[in-house]
Amino acid sequence: MESKVTLFETDEENGKVLDAVNQEIPDLEWAGFGLVTRSVNVKSGVWVAYQQKYFCGEQYILEKGKYKCFLDWGGTSETIMSIRPIKLEPLGDHQPIHWIKAFDNIHFQGSCIDFTTEAADFTSFIPLSFKVLRGCWLLYYQGETAVEQCVLEEDLYPDLASCGCSATKVKSLKPVHHVFAEPMISLFALENCEGKELHLQEATSSILNKDFHFLTQSIWVKSGM
């Protein structure tokens with residue numbers, strides 16, 4: 001798939017522009033573009049723009065469309081110093097985007113079943129180990145009080161413990177589809193997304209570090225994953 005993007009330095013029709021097609025540009029200034037990016041037009045593909053040179057600093061995911069100012073791409077200024085397209089792995093006409101091999105014994109032994117779509121119920125076949133060949137999957141299992149889930153990325157999982165699963169029986173598997181969006185999530189102290197709210201847009205190892213101490217009772221994922 002061809003990826004095309006145009007960067008505009010000014011709002012004027014005869015202003016400086018930079019066109020890129022399927023290429024990484026580690027230094028826009030060296031490429032002849034200015035220090036200011038007023039607007040962006042992504043004509044095809046998905047691009048990642050960076051606030052600093054050589055693909056460093058803040059990252060902005062740019063999908064197809066027009067971005068009239070830095071607020072549209074989630075930036076804090078008009079500075080974009082490097083940019084590159086997201087190159088997806090080419091697949092054949094009949095090759096699946098998601099693919100997982102499930103085995104009914106640990107260490108990839110026993111019977112094996114391939115899944116490329118959601119597996120809603122395991123009754124006669126109980127998987128105990130997995131090979132995730134493509135994509136990302138959600139594994140659902142019965143916890144002590146409710147159904148819980150683990151994320152399986154492309155890797156080998158010789159047993160359920162390696163999946164992060166504390167149960168002995170898997171309930172279902174579901175592929176996770178890619179979402180190119182700014183991540184945004186809110187945690188609430190009460191049920192039904194009420195009470196005190198903790199708003200997050202970046203990874204955090206512990207919400208206790210946010211000086212906002214409460215037991216999370218409900219969650220609202222507003223965008224991203």
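**Why these labels: strands, burial, cores and rings**

Modeller: Asn-41 is found in strand 3, residues 39–44. Strands are DSSP runs of E with at least two residues, helices are runs of H or I with at least four, and both are numbered from the N terminus. The model is a predicted one, in which local features need pLDDT of at least 70 and side-chain atom pairs pLDDT 80 or more, while totals for chains, interfaces and linings use all residues. Residues are numbered from 1 along each chain as its sequence is written, and side-chain values use heavy atoms, with hydrogens and water left out.

Biologist: Why is Asn-41 called buried?

Modeller: Buried means under 20% relative accessible area, exposed means over 50%, and partly exposed lies in between (1.4 Å probe, protein chains only). Asn-41 has a relative accessible area of 17%, so it is buried.

Biologist: Which residues is Asn-41 in contact with, leaving aside its neighbours within four places in sequence?

Modeller: Contact means heavy atoms within 4.5 Å. On that basis Asn-41 is in contact with Lys-4, Val-5, Thr-6, Phe-8, Gly-65 and Lys-66.

Biologist: How many helices and strands does the protein chain have, and what share of its residues counts as buried?

Modeller: The chain has 0 helices and 17 strands. Of its 225 residues, 35% count as buried.

Biologist: What makes a set of residues a nonpolar core, and which members of the largest one touch the most others?

Modeller: A nonpolar core is a set of buried Ala, Val, Leu, Ile, Met, Phe, Trp, Tyr and Cys residues joined through side-chain atoms within 4.5 Å. The largest has 20 residues, of which Ile-100, Phe-115, Phe-130, Leu-139, Leu-152, Cys-165 and Leu-173 touch the most other members. Elements giving two or more residues to this core include strand 8 (99–103) and strand 11 (136–142). Strand 11 supplies the largest share, 3 residues. Another core, of 17 residues, lies apart from it, with Ala-20, Ala-49, Tyr-60 and Ile-80 among them.

Biologist: How many disulfides does the structure hold?

Modeller: A disulfide is a pair of cysteine sulfur atoms within 2.5 Å, and the structure holds 0. For Cys-150, the nearest cysteine sulfur is that of Cys-165, 5.2 Å away, and Cys-150 is in no disulfide.

Biologist: Why does Cys-69 count as partly exposed, and why does Cys-150 count as buried?

Modeller: Cys-69 has 26% relative accessibility and therefore counts as partly exposed. Cys-150, at 7%, counts as buried.

Biologist: Why is the pair of Phe-115 and Phe-122 called edge-to-face?

Modeller: Rings of Phe, Tyr and Trp (its six-membered ring) pair if their centres lie within 6.5 Å; planes under 30 degrees apart count as stacked, over 60 as edge-to-face and the rest as tilted. The ring centres of Phe-115 and Phe-122 are 5.7 Å apart and their planes stand at 85°, so this pair is edge-to-face. Phe-115, Phe-122 and Phe-125 form one aromatic cluster.

Biologist: What places Lys-131 over the face of Phe-108?

Modeller: A charge sits over a ring if NZ of Lys or CZ of Arg is within 6 Å of the ring centre and within 35 degrees of the ring normal. Lys-131 lies over the face of Phe-108 at 5.1 Å from the ring centre. Arg-84 lies over the face of Phe-55, at 4.1 Å from the ring centre.
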